[in-house]
Amino acid sequence: MSIEVKHVTKKFGEQKALNDVTFTIPSGQVVGFLGPNGAGKSTMMKVITGFIKPTSGEVMVNGVSTHNPRIDFRKHIGYLPENNPLYTEMFVKEYLSFVAKVYGLGEIGSKRVKELIELTGINHEQNKKIGQLSRGYRQRVGLAQALLNRPSVLILDEPTSGLDPNQIVEIRQLIADVGKEKTVMLSTHIMQEVEAICSRVIIINNGIIVADDSTSKVMLHNKGCVQDILIELVDEVNEDDFKLIPNVLNITRVEGKTWLLSSNSEEDIRPAIFRYCVEKGYTILTLKQKSRQMEEVFQTLTQINS
C-alpha cells in the first residue's frame, strides 16, 4: 500500500480534529478526499506528509512509518498545500531550479525543471517573478514543484483553486494522467472535479470517515436509496397512487405532475412503474432515471453525521 492510515487521532487541546481515522490507498488510485470546512481534511494531509504528528495512531508511506527517524518517507511524497507557499521574489525557473537542488536532483535537475515547465504550461511565465503571476499560474508552479522529485505519492490540497475553466480542465487531465502511475490524494470543494477524475471518494466529517468507496458506489448513496426515478404524467395523481408499486421507498412531488420515486432495490424499478401506470390508465410523458450529483450525496452524508 502506498498510503496506510491506522487509527489516527489528532487533538488540538480538547478538540479532536481527527477521530480514529483508518484507510488505505494503493498505487494507481486518484482519491477525492472531501469534507466541509473544518472537517479534518487539511489536518489529515499534514499528518500524512509529516508536517504535524498525530496524537495517536500510525501512518505508513510506501511501507515506511512516518514515526521512523532513520528513513525519510517524505522523499516519496509530492505535496501541494492549500495556501501554496512560494518565494514570490524569485523567478519561476529560478525557484524550480532551487527546489531541484534542495531535492538533490543533481545533473538531472535542469532537465526535470524543463520537463515540468512544459508539462504544467508555464513556458511563457518562467522568466517572471512568482509575485507577478496570477493565482492560477502560482498553482501551476506549486504543482510543478510537487512533481519535481518524481514522487510515488502526490498530496494535493485544493489543486485547482483560482484557475479559470480552461486551466481547470488542463490541470484535471494532468492529475488524471499522473494518477495512472502514482497514488494521488486530493481535496477539493468542486464536486464535478471528483466525478471527472477520482476513482474513489473518502468523505470526512467532524474528524470521522463517513464514506469510503468507489466514486460510482458513493454516488448511489442517498438516504438509503440506490435509484431515483423521475416520472411525468398527463394525469393528476396523488402520493398514495404510487405507494402500491413494489420497492418504492420515497415519493416526492417535484412540480405539477412530475414526481420523484426513490427505491432501495438494486433492480431497475422503471418496468414496474410502467406496468402500474398502464393498469391504472395513466399516460406517461417521461419515465427516466435521475442522475445523482455528488453535491447531493455530499450534503446528505455530512448533514446526517453532523
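1. Salt-bridge count. Twelve salt bridges come out of the count for this structure. The model is a predicted one, so read each contact below as a computed result.

2. Lys6 and Glu4. These two side chains meet in a salt bridge, at 4.0 Å from N to O. The cut-off is within 4 Å. Both partners keep some accessible area. Lys6 has 30% relative accessibility and counts as partly exposed. Glu4 is partly exposed too, at 25%.

3. Arg140 and Glu170. Here the side chains meet at 2.7 Å, N to O, in another salt bridge. The pair links distant parts of the chain. Arg140 sits in helix H4, residues 135–147. Glu170 sits in helix H5, residues 165–178. How exposed is each partner? Arg140 is buried, with a relative accessible area of 5%. Glu170 is partly exposed, at 46%. Exposed would need over 50%, so Glu170 stays in the partly exposed class at its 46%.

4. Glu193 and Arg172. Glu193 forms a salt bridge with Arg172, and their closest N and O atoms are 3.3 Å apart. Glu193 lies in helix H6, residues 191–197, and Arg172 lies in helix H5, so this pair ties together parts that are 21 residues apart in sequence. Is this pair buried or exposed? Glu193 is buried, with a relative accessible area of 0%. Arg172 also counts as buried, at 17% relative accessibility. The cut-off for buried is under 20%, so Arg172 falls in that class at 17%.

5. Helix H5 in both pairs. Arg172 in helix H5 pairs with Glu193 in helix H6.

6. A network. Which residues are linked in a network of salt bridges? They are Arg112, Glu115 and Arg150.

7. Helix H1. This helix covers residues 41–49 and is mostly covered. Seven of its nine residues are buried. Which ones are they? Lys41 is buried, and so are Thr43, Met44 and Met45. Val47, Ile48 and Thr49 are buried as well. An α-helix has 3.6 residues a turn, so residues three or four places apart point the same way.

Definitions and conventions. Residues numbered from 1 in each chain as written. Predicted model: local features only at pLDDT ≥ 70, side-chain atom pairs only at ≥ 80, totals over all residues. Heavy atoms only, no water. Buried < 20%, exposed > 50% of the residue type's maximum accessible area, 1.4 Å probe, protein only. Helix = DSSP H or I, 4+ residues; strand = E, 2+ residues; numbered from the N terminus.
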